[in-house]
Amino acid sequence: MIISRQYFFSFLYLLCLAVLLFNNYELTFLVWSVVAIITLRTNFSKNFFYIICCYLIILLISFFTELFFYDHSIFNKIRDITYLLKPILGLLIGYNFAKKYAGNALNYIVNLGIFFSIIHLVIILYSILAHKTLSVSEIRHYAGYFNDFEPYVFVLILFASKFNITISKKKRLLYLGIVATSIFCYLSRTNFIQLLILILAVKGFFNLNVRSIKVISFTILLTLVSYALIYNSNPKRKGTFTEEFLYKVKIIPIEAFKTKINQEDWKDFNDNFRSFENIKTVNQVFYGGTQAVISGKGIGSSVDIGRVMATNDGTKVRYFPYLHNAFSTVLLKSGLLGIALYLLSVFYISRKIVSNNIQVTNLNKLLLGSGIFLIISSWVFMGFYLKLDSKSILIGLLLGYREYLHKKRI
């Protein structure tokens with residue numbers, strides 16, 4: 001039986017997302033690299049070329065900084081090269097897929113989202129029954145801590161007509177229910193923020209006008225009131241299913257921005273570890289002098305946390321090559337130059353294409369929301385550099401699909 005090229009490349013795209021379920025970065029990098037080569041195109045738009053160049057230059061700065069100023073181990077250098085290549089590979093895979101099969105790209109994404117949502121719900125059910133637990137931390141440990149892919153799928157289904165996705169009303173409601181349940185079960189604060197940002201973006205509330213200012217102001221006020229109620233309810237760190245989640249909501253404004261942390265207080269240290277990482281990184285980079293501040297400490301560099309820490313992967317490390325904060329990570333590897341390039345890439349991702357095509361306009365809004373969320377994600381969850389990140393593939397697809405639609409109408 002001969003398999004059509006479309007089915008073959010669809011399978012490759014599925015494979016790039018499915019491999020993330022194994023939580024094995026070496027395997028992920030291998031699969032993504034092979035797929036990126038197989039699907040490679042050479043005709044990129046200027047905007048997409050600029051985005052890729054930003055991440056490529058970050059890698060080059062890190063490489064030459066290490067070459068001229070430092071001497072890290074070969075293993076650490078190879079490891080960092082693969083990590084710094086990941087955003088490039090993901091964006092290329094998504095962009096190439098959209099350009100090859102743009103007509104069915106969004107419908108395919110929706111079907112994949114339903115597939116992975118069902119898998120996630122099955123894993124949750126199995127975890128509850130097999131391990132006899134309703135603990136938030138334990139369920140997330142077994143079933144996953146987040147998923148940036150599913151909120152995009154939810155938004156695409158919710159606004160199906162805006163993106164010309166053909167789906168019946170009954171199926172649309174069913175799909176929304178499945179994906180929404182899966183997203184909720186991750187109990188990821190970042191995913192909830194992502195969902196809110198993407199919905200507001202597609203609705204056009206990030207385009208400044210009187211209406212959008214009122215809606216954003218109301219959203220902020222509602223958020224502050226809700227947070228005040230949660231804060232005053234004083235949820236317990238280790239309590240019921242609901243209390244554990246509300247406790248994590250309570251510490252949102254603190255854990256990634258706190259400047260003073262008591263290392264001898266286990267609770268304070270654990271709850272605010274993201275801030276602790278940032279403090280350590282900034283101190284060690286600035287201690288390295290002007291060169292380190294400007295171009296970082298190069299590939300293979302790491303941050304000395306000062307104690308051995310257990311990771312979610314089950315390992316124990318003291319020297320962290322990558323932090324929760326993508327900005328801190330880029331500062332460590334390529335300094336302020338790298339951070340400037342990272343922010344520039346977000347600008348190019350968010351930049352709109354002027355068009356009379358309503359789908360292009362809606363994709364402009366979705367990509368603007370993606371850029372805003374990427375800033376937040378980069379601060380708390382490594383952005384595109386996270387080992388389990390799938391945003392880069394999806395954003396690459398949205399960029400390629402938007403270009404396809406724009407050129408089709410010209």
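Q: Which helix gives the most to the nonpolar patch?
A: Helix H2, residues 25–38, gives the most, with four residues. This is a predicted model.

Q: What makes up the nonpolar surface patch?
A: Phe-8, Leu-21, Phe-22, Leu-27, Leu-30, Val-34 and Ile-38 make the patch. The patch covers about 660 Å². To join a patch, a residue needs over 30% relative accessible area and no salt bridge, and nonpolar side chains are joined within 5 Å.

Q: Where does Phe-22 lie, and why is Phe-22 called exposed?
A: Phe-22 lies in the loop between helix H1 (5–18) and H2. Exposed means over 50% relative accessible area. Phe-22 has 60% relative accessibility, so Phe-22 counts as exposed.

Q: Why is Phe-163 called buried?
A: Buried means under 20% relative accessible area. Phe-163 has 1% relative accessibility, so Phe-163 counts as buried. Phe-163 is found in the loop between helix H7 (149–158) and helix H8 (169–186).

Q: What is Phe-163 in contact with, leaving aside its neighbours within four places in sequence?
A: Contact means heavy atoms within 4.5 Å. Phe-163 is in contact with Leu-106, Leu-156, Val-202, Gln-359, Asn-362, Leu-363, Leu-366 and Tyr-401.

Q: What makes H7 mostly covered?
A: Nine of the ten residues of H7 are buried. Among them are Phe-149, Glu-150, Pro-151 and Tyr-152. Leu-156, one of the contacts of Phe-163, is also one of the buried residues of H7.

Q: How do you know that the radius of gyration agrees with a compact globule?
A: The globule rule is 2.2 Å times the number of residues to the power 0.38. With 410 residues, a compact globule would have a radius of gyration near 22 Å; the protein has 21 Å, so the value agrees. Along its principal axes, the C-alpha trace spans about 60 × 55 × 55 Å.

Q: What percentage of the residues in the protein is buried?
A: Buried residues make up 51% of the 410 residues. The accessible surface comes to about 20100 Å², and 66% of that surface belongs to carbon and sulfur atoms.

Q: Which secondary structure does the protein have, and how many of its contacts join residues at least 24 apart?
A: The secondary structure comes to 18 helices and two strands. Among contacts between residues at least 6 apart in sequence, 73% join residues at least 24 apart.

Conventions. Residues numbered from 1 in each chain as written. Predicted model: local features only at pLDDT ≥ 70, side-chain atom pairs only at ≥ 80, totals over all residues. Heavy atoms only, no water. Patch = residues over 30% accessible without salt bridge, like charges linked within 9 Å, V, L, I, M, F, W, Y side chains within 5 Å. Areas by Shrake-Rupley, 256 points an atom, 1.4 Å probe, with all protein chains shown as cover. Salt bridge = Lys/Arg side-chain N within 4 Å of Asp/Glu carboxyl O. Buried < 20%, exposed > 50% of the residue type's maximum accessible area, 1.4 Å probe, protein only.
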